[in-house]
Amino acid sequence: MKILTTQTIGLLQKIAADEELALEDGARLLAQAAIGDGRIWLYGIGELDAVVTAALLGPDPLPKAKRLEPTATDDWQETDRALLFARFSADPEAIRLVEQLQAHGVDAVAVAALVKDEPGLADMATVFIDSKLSRPLVPTEDGRRIGMPTIITASFIYYGLRVLLDEILAEYE
């Protein structure tokens, strides 16, 4: 537990330090929809759908947010923005979705662990936020690693965006 705690706290601190500008850019991009006539489309791949559920139903819901349905492209407008969560930046489903959104003029904030030397979300999304979680955190006695808290890192990034968005909206009013 001590290793998991130490590693997770260190990871969150690294995100806060290294991704500060990307978080600010992401919040500004989402604010465009929240202030204007757009909606904020949310999508989480696999287990990261939990972050979308928290953003819609939790104690700090994202304003003007809706769950993105990849087949409902007729609902997407150029005034909309999207926030996508994937485990890795090379995720093919996330890449296809960003391509679809861009074809409809929708800018996207993508959150995932950067996979170096592979084209993907980091190159495609309007704003990319690196979750820094590229492998499990805790070594085991048999040489494996376990404990990959993807939902924790994605939630931390979501709440970072949410706090910054709230500050932007308060300034706008």
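Predicted model: local features only at pLDDT ≥ 70, side-chain atom pairs only at ≥ 80, totals over all residues.
How much volume does the largest cavity have? About 50 Å³.

**Stop one: the cavity lining.** Select L48, A86, R87, V111, A112, S131, L133, T150, T153 and A154 and show their side chains; these residues line the largest cavity. Now colour them by class, and you'll see six nonpolar, three polar and one charged.

**Stop two: the elements around the cavity.** Switch to cartoon and pick out β3 (81–88), β4 (107–113) and α6, the elements that each give two or more residues to the lining. Which element gives the most to the lining? That's α6, with three residues.

**Stop three: α3 against α6.** In general, two packed helices are described by the angle between their axes and the distance between the axes. Is the crossing of α3 and α6 left-handed or right-handed? Turn the view and check: it's right-handed.

**Stop four: the side chains in between.** On the α3 side, show A50, V51, A54 and A55. Facing them from α6, the contact is made by I151, A154, S155, Y158 and Y159. Colour by class again, and this contact has eight nonpolar residues, one polar and no charged ones.

Leave A154 highlighted on its own. This residue of α6 takes part in the contact with α3, and A154 also lines the largest cavity.

Methods. Residues numbered from 1 in each chain as written. Heavy atoms only, no water. Left-handed = near helix turned anticlockwise from the far one by under 90°. Helix = DSSP H or I, 4+ residues; strand = E, 2+ residues; numbered from the N terminus. Contact = heavy atoms within 4.5 Å. Nonpolar A, V, L, I, M, F, W, Y, C, P; charged D, E, K, R; others polar. 1 Å grid on protein atoms, 1.4 Å probe; cavity = no way out; pocket = protein on both sides within 12 Å on 5 of 7 lines; lining within 4 Å. Points joined across faces, edges and corners; volume = space filled by probe spheres on them.
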